[in-house]
Amino acid sequence: SRNIRLAVIPGDGIGTEVVAEGLKVLEAVGTKIDATHYDLGAARYHRTGETLPDAVLEELRGYDAILLGAVGDPSVPPGVLERDLLLKIRFAFDHYVNLRPVKLFPGVETPLADTPVENIDMIVVREGTEGLYAGTGGVMRRGTPYEIATQESLNTAHGVERVVRYAFEKARSRPRKKLTLVHKTNVLTYAGDLWQRTVDRVAEEYSDVTTDYSHIDAASMFFVSQPERFDVVVTDNLFGDIITDLGAAIAGGIGLAASGNINPEGTAPSMFEPVHGSAPDIAGQGKADPTATILSVAMMLDHLGLSAEAAKVEQAVADDIVERLTGWSSRTTREIGDDITERVSS
Ligand code: NAD
Ligand code: IPM
Ligand code: MN
């Protein structure tokens, strides 16, 4: 079989550090990869004023997958790199499914007291192309006491239905077959109504899947007090963003949380990245945990049909995590990457 063509965007801050480890593991698992690095992020922006030139975006379209570290830097105004680089890719490549597993690995310390590992095993299906991320709205009388800023949530029947259908399929494939819609239908009556009606209608085709509903505020509480309530969660872009950082926290920390921005029809490459950001507070110090990126590489392998390789990487991470019980915190980014690489190669 031909080599996998992979575009790599290390990005900013710890992005470059964790991606290096992800690539090491990828190489060790024995997959034939042609990786091309793209210099995008704060440095490029300062040098040239460019975030993501259209020609580069079109070039990215030709790859089998994209691996991204993180973007965002304190020296760049908030939103420039996030919107014009990261979100631009998610939107242009129709990454309408942002898949974010929340799974407690044996041996990982969770802040939730007395929680058996099997109680935290869910997958959040976050919508990736609409909602409050659409960028519509505007500002009037900026800088005056009469300033009015609006930011609209865009929800289309097509956009909601496709992600809801994906979530039902995901729920059907899991032992518990449960789907929870998380929204705020009691306040966001237009958008919430569309989401709820869509779930109700599609549910008729999935009689084997149990569905329920939780408001986002209550869901945040249940993530901490009763995480076993959740199997597959489907939610909009912003709620999904917030609740997956919470999910990361209950499952052992943001350094372990992986994600995939999926284009299920394969009309453009899917993009895999850790849930975390560029972490300017620890960048350049070798303190970042590369595990989230390595698990994102496993998700990528799975997406590319290399399920045996994906399982191998996941197992190597699981085994490494068990050993962390005995003093892992002293390891650097590179040491963690090396240890997992060694397990994958043996
Ligand atoms: P962050 O995820 O970068 O950091 C939050 C906290 O978690 C920090 O204390 C950080 O040190 C810690 N942390 C994050 N990843 C870690 C890891 N792998 N190992 C150990 N500790 C880790 O979020 P933030 O501080 O809110 O954002 C920083 C920048 O990153 C901002 O510019 C933001 O826009 C951007 N961001 C980018 C992405 C992305 O590219 N997908 C995601 C989130 C935030
Ligand atoms: C994430 C990040 C991004 C998001 C930002 C950086 C645009 O927080 O991947 O979770 O909000 O989706
Ligand atoms: Mn986020």
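This is a predicted model: local features need pLDDT of at least 70, side-chain atom pairs count only at pLDDT 80 or more; totals for chains, interfaces and linings use all residues.
Local features need pLDDT of at least 70 and side-chain atom pairs count only at pLDDT 80 or more, while totals for chains, interfaces and linings use all residues. Residues are numbered from 1 along each chain as its sequence is written, and chains are lettered from A and ligands numbered from 1 in the order in which they are written. The chain has eleven helices and twelve strands and is divided into two parts, domain 1 and domain 2.

**Overall fold**

- Helices (H or I, at least four residues) and strands (E, at least two) are DSSP runs, numbered from the N terminus.
- The radius of gyration of the chain is 20 Å, which agrees with the value near 20 Å for a compact globule of 346 residues. This radius is taken over C-alpha atoms, and the globule rule is 2.2 Å times the number of residues to the power 0.38.
- Along the principal axes, the C-alpha atoms fill a box of roughly 55 × 50 × 45 Å.
- Of the 346 residues, 44% are buried. A residue is buried if 20 or more other C-beta atoms lie within 10 Å of its own, exposed if 12 or fewer, and partly exposed in between, with C-beta atoms placed from the backbone.
- Among contacts with a separation of 6 or more, 77% join residues 24 or more positions apart. Two residues are in contact if their C-beta atoms, placed from the backbone, lie within 7 Å.

**Domains**

- Domain 1 comprises 1-101 + 254-346, and domain 2 comprises 110-122 + 153-251. The bounds come from an automatic or database domain assignment.
- The C-alpha centres of domain 1 and domain 2 are 25 Å apart. Nine residues from domain 1 and ten residues from domain 2 take part in the contact.
- On the side of domain 1 that touches domain 2, seven residues are nonpolar, one is polar and one is charged. Ala, Val, Leu, Ile, Met, Phe, Trp, Tyr, Cys and Pro count as nonpolar, Asp, Glu, Lys and Arg as charged, and the others, Gly among them, as polar.

**Nonpolar core**

- The largest nonpolar core has 89 residues, and Leu-67, Val-125, Val-297 and Val-313 have the most contacts inside it. Such a core is a set of buried Ala, Val, Leu, Ile, Met, Phe, Trp, Tyr and Cys residues joined through C-beta atoms within 7 Å.
- Helix α9 gives the most to this core, with eight residues. Domain 1 and domain 2 both give residues to the core, so it lies between them.
- Val-297 lies in helix α9 and is buried, with 30 other C-beta atoms within 10 Å. Beyond residues up to four places away in sequence, Val-297 touches Gly-22, Val-25, Leu-26, Leu-67, Phe-272 and Val-313.
- Val-297 and Val-25 are 272 residues apart along the chain, and their C-alpha atoms are separated by 8.3 Å.
- Leaving aside neighbours within four places in sequence, the contacts of Leu-67 include Leu-6, Val-8, Val-19 and Met-300.

**Ligand shells**

- Around ligand 1 there are 20 residues, of which Gly-72, Gly-255, His-276, Gly-277 and Ala-279 come nearest. The elements that give two or more residues to this shell are α1 and α4.
- The shell around ligand 1 has eleven nonpolar, five polar and four charged residues.
- Ligand 2 is surrounded by Gly-72, Glu-82, Leu-86, Leu-87, Asp-241, Val-275 and Gly-277. A residue is near a molecule or strand if its C-beta atom, placed from the backbone, lies within 6 Å of it.
- Helix α4 (residues 80-92) supplies the largest share of the shell around ligand 2, three residues. By class, that shell has three nonpolar, two polar and two charged residues.

**Single residues**

- Ala-279, in the loop between β12 (270-274) and α9 (291-303), has a positive phi near 45 degrees although it is a residue other than glycine. Ala-279 is buried, with 22 other C-beta atoms within 10 Å.
- Arg-141, also not a glycine, has a positive phi of about 55 degrees. Arg-141 lies in the loop between β6 (137-140) and β7 (148-151) and counts as exposed, with 10 C-beta neighbours inside 10 Å.
- Ile-242, in helix α8 (residues 237-250), counts as partly exposed, with 13 C-beta neighbours inside 10 Å.
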